[in-house]
Amino acid sequence: MFDEKVVLLDINAKDSTEALSLVADKLIEKKIVKPSYKSAVIEREKTFPTGLNAPSCGIAIPHTDAIHVNKAQIAIARLANPVKFLQMGDGADVQAKLIFMLALKEPHAQLETLQKLMALIQNDKAVSELLSVKDSENVIKVLTENNL
Amino acid sequence: MAKSLMVVCGTGIATSTVATGKIKSYLEEQGLGSDVHLLQSKIADEVSAIGNGEYDIVVSTTMVPSSIQDKVINGVPLLTGIGADKVLEEIKEQVEA
């Protein structure tokens with residue numbers, strides 16, 4: 001689900017909405033999602049936040065309904081400065097440094113990928129690599145090494 | 001009769017899928033796989049059913065309205081791994097209750 005290699009490194013965003021907008025624009029540009037995805041994912045984040053305080057850093061996994069998606073894909077963005085998301089489930093503050101924006105087509109087909117993604121965010125070594133690598137090729141390499 | 005266990009998230013396609021997978025493999029490990037009927041949905045479609053007590057056990061990875069909060073187990077630890085054991089034990093207790 002990373003085959004289109006949508007990787008944005010050290011983006012500057014003043015808040016979560018701007019961050020979501022920048023990543024969604026990239027997915028729209030590559031026609032992975034429909035233009036309607038952007039407002040849908042921003043709105044959904046307000047109603048159902050997707051931040052997670054993972055063991056080694058704050059992350060967010062924004063996503064929205066499949067009708068806005070053309071092709072299943074995960075975009076990854078690293079923020080120059082963390083932005084505040086809210087944690088799903090309890091609304092706790094999450095200072096997110098990494099965003100995995102999910103373009104999902106259907107529930108069960110992507111279970112394995114989503115499970116691997118959750119394993120990745122629990123893996124301190126992989127997360128610290130993602131936070132430190134210099135270019136998108138190395139981001140993809142870390143993901144590949146973690147079977148994503 | 002098998003108990004019904006509803007797993008909800010915001011869209012019904014992402015985090016509830018992961019949580020359902022975790023719960024399913026845990027219950028199978030515990031030999032409780034056939035005691036539970038797993039269901040998955042989005043919260044918006046389930047608020048009234050949960051409020052009416054239509055499911056024996058409910059796990060959510062998203063925020064739920066306060067009116068049904070005490071009927072719902074917070075499943076977010078199943079995603080982050082932090083506190084996941086406690087959530088799984090709570091589910092097991094409710095399955096065996």
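A residue counts as buried if 20 or more other C-beta atoms lie within 10 Å of its own. The legends below apply that cut-off to a predicted model.

**Figure 1. Strand E5 of chain A is largely enclosed by the rest of the structure.** The strand covers residues 93-103 of chain A. Of its 11 residues, 9 are buried, so the strand is largely enclosed. E5(A) pairs with E4(A) through 10 bridges, and the two run antiparallel. Across this pairing, Arg78(A) stands opposite Leu98(A) of E5(A). Strand E3 of chain A, residues 58-60, also pairs with E5(A). Here the sense is parallel, and 3 bridges make the link. Ile99(A) in E5(A) is the bridge partner of Ala60(A).

**Figure 2. Five strands of chain A build an open sheet with mixed pairing.** The order across the sheet is E1-E4-E5-E3-E2. E1 (7-11) and E2 (51-53) of chain A stand at the edges. Each has a single partner strand, so one side of each is left without a neighbour in the sheet. From one strand to the next, the twist averages 25°. E1(A) joins E4(A), residues 73-86, by 3 bridges, and these two strands run parallel. Within this pairing, Ile11(A) stands opposite Leu79(A) of E4(A). In general, the strands of a sheet pair through backbone hydrogen bonds, either parallel or antiparallel.

**Figure 3. The largest nonpolar core holds 76 residues.** Which members touch the most other members of this core? They are Val23(A), Leu27(A) and Phe100(A). The view picks out Val23(A) and its contacts beyond four places in sequence. Its partners there are Leu8(A), Ala75(A), Ala77(A), Ile99(A) and Met101(A).

**Figure 4. Phe48 of chain A touches residues of both chains.** Phe48(A) sits in the loop between helix H2 (36-47) and E2 of chain A. Is this residue buried or exposed? Phe48(A) is buried, because 23 other C-beta atoms lie within 10 Å. Leaving out residues up to four places away in sequence, Phe48(A) touches Met88(A) in chain A. In chain B, Phe48(A) touches Gly10(B), Thr62(B) and Met63(B). Gly89(A) is 41 residues from Phe48(A) along the chain. The C-alpha atoms of the two are separated by 8.4 Å. Gly89(A) belongs to the hairpin of E4(A) and E5(A), which has 6 residues between the strands. There Gly89(A) takes a positive phi near 90°.

**Figure 5. Chain B meets chain A through nonpolar and polar residues.** On the chain B side, 19 residues are in contact with 25 residues of chain A. Helix H1 (15-29) and helix H3 (77-80) of chain B are the elements that give two or more residues to this side. H1(B) gives the most, with 4 residues.

**Figure 6. Chain B carries a parallel sheet of 4 strands.** Chain B has 4 helices and 4 strands. From the N terminus on, its elements run β-α-β-α-β-β-α-α. The sheet is open, with the order E2-E1-E3-E4. Its edge strands are E2 (36-42) and E4 (72-74) of chain B, each pairing on one side only. The twist averages 25° from one strand to the next. E1(B), residues 3-9, joins E2(B) through 7 bridges, and the two run parallel. In this pairing, Gln40(B) of E2(B) is the bridge partner of Val7(B). H1(B) packs on the sheet and touches E1, E2 and E3 (57-60) of chain B. The direction of H1(B) makes about 150° with that of E1(B). Helix H2 of chain B, residues 43-51, packs on the sheet too, touching E1, E2, E3 and E4 of chain B. The direction of H2(B) makes about 125° with that of E2(B).

**Figure 7. The radius of gyration of chain B agrees with that of a compact globule.** A compact globule of 97 residues would have a radius near 13 Å; chain B has 12 Å, which agrees. The C-alpha trace of chain B spans about 30 × 30 × 20 Å along its principal axes. Of the 97 residues of chain B, 43% count as buried. Contacts between residues at least 6 apart in sequence were also sorted by separation. In chain B, 60% of these join residues at least 24 apart.

Terms used: Residues numbered from 1 in each chain as written. Chains lettered and ligands numbered in written order. Predicted model: local features only at pLDDT ≥ 70, side-chain atom pairs only at ≥ 80, totals over all residues. Core = buried A, V, L, I, M, F, W, Y, C linked by C-beta atoms within 7 Å. Buried ≥ 20, exposed ≤ 12 C-beta atoms within 10 Å, placed from the backbone. Contact = placed C-beta atoms within 7 Å. Nonpolar A, V, L, I, M, F, W, Y, C, P; charged D, E, K, R; others polar. Rg over C-alpha atoms; globule rule 2.2 N^0.38 Å. Pairing = 2+ DSSP bridges. Axes fitted to C-alpha atoms, helices over the stretch in contact; angles between N-to-C directions.
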